[in-house]
Protein chains: 2
Amino acid sequence: MTERPQPAGAGGGAAAALLPRGVLVVGTGLIGTSAALGLRAQGVTVWLQDADEESAAVAEERGAGVRGAPETAPDLVLVAVPPVAAPTVILDSLRTYVDATVSDVASTKARLQREVEARAAESSSTALLMRFVAGHPLAGREVSGPAAALPDLFADRVWALTPSEATEPARTELVRAVVESLGALPVVTTAEEHDRAVALTSHTPQVVSSTVAAGLGGLGESAVRLSGQGLRDVTRLAASDPGLWTEILTSNAEPVADALDALIERLSAVRDGLREGAAGPVRGALEAGVAGRRLVQGKHGSGPVEFAVVAVTVADRPGELGRLFADAGRTGVNLEDVRIEHAQGRPTGLVELEVAPASQAALAEGLRSSGWDVRG
Amino acid sequence: MTERPQPAGAGGGAAAALLPRGVLVVGTGLIGTSAALGLRAQGVTVWLQDADEESAAVAEERGAGVRGAPETAPDLVLVAVPPVAAPTVILDSLRTYVDATVSDVASTKARLQREVEARAAESSSTALLMRFVAGHPLAGREVSGPAAALPDLFADRVWALTPSEATEPARTELVRAVVESLGALPVVTTAEEHDRAVALTSHTPQVVSSTVAAGLGGLGESAVRLSGQGLRDVTRLAASDPGLWTEILTSNAEPVADALDALIERLSAVRDGLREGAAGPVRGALEAGVAGRRLVQGKHGSGPVEFAVVAVTVADRPGELGRLFADAGRTGVNLEDVRIEHAQGRPTGLVELEVAPASQAALAEGLRSSGWDVRG
């Protein structure tokens with residue numbers, strides 16, 4: 001797996017030289033329209049197509065490009081349709097635009113890749129595959145459709161590219177240049193590695209969050225009150241849309257099932273240790289968890305960092321957070337993360353400010369001198 | 001399970017009339033010293049004891065009370081020693097102070113309760129149990145020891161009380177009054193219900209977070225980059241201290257093992273569904289998760305609420321968050337929660353402001369007019 005982060009900002013330097021002149025975007029949802037807007041902002045000619053004419057019209061109105069068939073041959077076709085339709089659209093695009101590079105945005109890659117390859121083989125047209133560069137931008141949520149699209153949706157987001165062995169390297173470089181021009185961080189890997197990674201980093205956490213939350217069903221509301229921020233963190237993903245996630249999980253069925261097997265094995269070891277009065281497996285799982293947590297991305301690419309916490313009691317009314325963060329800003333300390341914990345039935349909340357350990361004392365001192373109730 | 005939230009603020013009204021005049025705190029760690037400081041602030045006489053003389057000295061220096069044996073009979077003995085020592089100290093206290101109510105702060109209750117009862121029965125002194133009110137304050141983390149103690153550590157925190165059938169109701173009322181005077185929210189329940197609840201709301205989330213994080217071990221650092229805020233949320237607890245958590249989990253072994261059994265069953269159903277190409281069990285688990293997440297405590301006791309998100313791009317330097325929250329405050333919209341997402345290798349972060357759905361448009365509009373890059 002290689003990576004080459006570029007500085008932020010659209011269309012700079014070497015990337016610009018590589019940018020396609022004309023791009024056809026097929027599928028004008030959130031992802032397709034956002035990419036189109038980002039390309040238009042760099043002067044690239046963009047054509048828009050969608051099975052839903054209204055969607056394409058909204059995208060056109062927003063300035064994402066021109067509806068209809070390309071007037072000249074596109075250098076790139078970006079297929080941003082729902083996963084179920086992707087293989088057909090990818091192959092049609094490869095056949096229609098005989099010189100174009102074709103890429104897609106589906107969130108799982110191996111199954112799609114296999115289907116595209118199988119269909120190309122059926123029609124004895126595996127040469128098409130030289131021009132296909134599969135991709136997956138890790139962006140977009142909460143909202144959907146062309147009306148929600150934004151030219152900077154991909155800024156600072158990882159965009160995985162999974163070329164196959166058949167893919168020509170120059171095709172991958174073109175897509176990489178487009179991805180970088182949109183402000184995203186390209187990560188080039190194989191379809192299988194990608195799927196195994198997201199099974200562990202995205203799909204398993206979703207299943208776990210849902211199943212932990214489901215287990216609360218037997219408790220009354222006041223029993224659930226015997227909980228803290230930890231339960232809120234672990235169950236946050238459980239609020240996700242079941243329809244969308246059923247589609248994602250089933251499209252990556254085997255890697256997710258494998259990851260769940262491994263997880264179940266680790267959970268069973270802890271359970272058996274507890275039943276048998278053996279502390280060893282329990283402690284072993286907790287220690288492996290500490291090591292794994294260190295891998296979860298830190299910031300600035302500088303590797304994992306443990307932050308120190310400054311906790312402040314804040315009245316729960318408009319403006320109080322503004323006053324707090326203004327005072328925090330005057331201390332010159334950079335805040336790494338913020339969490340707000342509300343207590344049931346009380347008019348106050350606890351705000352936890354995470355900072356570099358070396359800055360903890362300065363921030364606590366500064367806030368106390370501004371009259372804040374600093375706890376830790 | 002009953003509950004009776006009281007308004008915040010120490011020592012008001014009816015509770016003050018019930019407050020003990022003299023309290024012996026045995027164990028001057030974070031919890032014991034914090035309770036002592038809170039009681040001293042209300043004029044209660046407090047004596048301090050700890051097997052570690054230095055710890056008791058630090059607590060005394062901080063104004064938490066006077067070291068040594070009580071000069072007059074204490075009304076309450078609060079046992080705040082490590083769980084392994086708790087049964088002995090509880091029974092000694094019940095025997096030494098023949099009129100005192102005795103309470104403790106251990107984080108699991110049934111096993112301790114059984115041991116206290118068994119030992120009392122051995123010495124034919126079950127009458128002692130009338131004065132014992134077991135308890136568990138859900139507070140304290142990140143820091144430990146008397147130096148980190150704070151008189152308001154328990155403000156807005158749930159404090160479970162688990163009297164047994166032998167406990168005299170007036171004893172429970174005394175401890176409830178003390179808990180309320182410290183600003184905490186008493187929840188009275190049985191030891192078994194308490195342990196079953198925390199197995200689901202606290203102990204299982206810890207095990208799950210650790211085992212999910214442990215599963216990342218096989219991935220390289222760039223594969224872990226194929227992840228988002230979801231993985232950070234789910235694995236946050238995995239950073240917890242393995243030694244402390246081994247003790248907690250083994251002290252609640254049976255309820256945690258039962259909860260893990262149920263969780264493993266739900267995970268297995270999802271895994272089998274994925275392997276068999278059956279979407280039904282997958283969707284079923286996700287839907288049960290949505291329902292369970294709704295139970296996780298909302299704010300203000302008003303029940304679960306779904307918030308809307310306003311996402312803002314913010315430069316990662318001191319003062320920017322202050323400027324953002326000051327501008328947000330001027331819109332008059334109350335912020336319910338805040339999350340900051342940093343991108344690796346980039347000088348910006350994404351701040352997600354959660355607000356009541358009705359306030360979303362006003363906040364987004366207000367921030368845009370102040371020049372902020374609002375995304376959603």
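Chain A is divided into domain 1 (8–189), domain 2 (195–295) and domain 3 (308–374), with bounds taken from an automatic or database domain assignment. The model is a predicted one, in which local features need pLDDT of at least 70 and side-chain atom pairs count only at pLDDT 80 or more, while totals for chains, interfaces and linings use all residues. Residues are numbered from 1 along each chain as its sequence is written, and chains are lettered from A and ligands numbered from 1 in the order in which they are written.

Between the C-alpha centres of domain 1 and domain 2 of chain A there are 34 Å. Six residues from each of these two domains of chain A take part in their contact, where two residues are in contact if their C-beta atoms, placed from the backbone, lie within 7 Å. On the side of domain 1 of chain A, this comprises two nonpolar, two polar and two charged residues (Ala, Val, Leu, Ile, Met, Phe, Trp, Tyr, Cys and Pro count as nonpolar, Asp, Glu, Lys and Arg as charged, and the others, Gly among them, as polar).

Turning to the two chains, 119 residues from chain A meet 120 residues from chain B. Helix H7 (residues 191–214) of chain A gives the largest share of the chain A side, 18 residues; helices (H or I, at least four residues) are DSSP runs, numbered from the N terminus. That side of chain A holds 63 nonpolar, 34 polar and 22 charged residues.

In chain B, helix H10 (residues 242–251) has B:Trp245, B:Thr246, B:Ile248 and B:Leu249 as its buried residues, buried meaning that 20 or more other C-beta atoms, placed from the backbone, lie within 10 Å of the residue's own. These residues line one face of H10(B), because they fall within an arc of 165° seen down the helix axis, the arc being that of the directions from the axis to the C-beta atoms. Their packing partners are helix H11 (253–276) and helix H12 (279–295) of chain A, together with helix H7 (191–214) and helix H11 (253–275) of chain B.

Technical notes:
Helix = DSSP H or I, 4+ residues; strand = E, 2+ residues; numbered from the N terminus. Buried ≥ 20, exposed ≤ 12 C-beta atoms within 10 Å, placed from the backbone.
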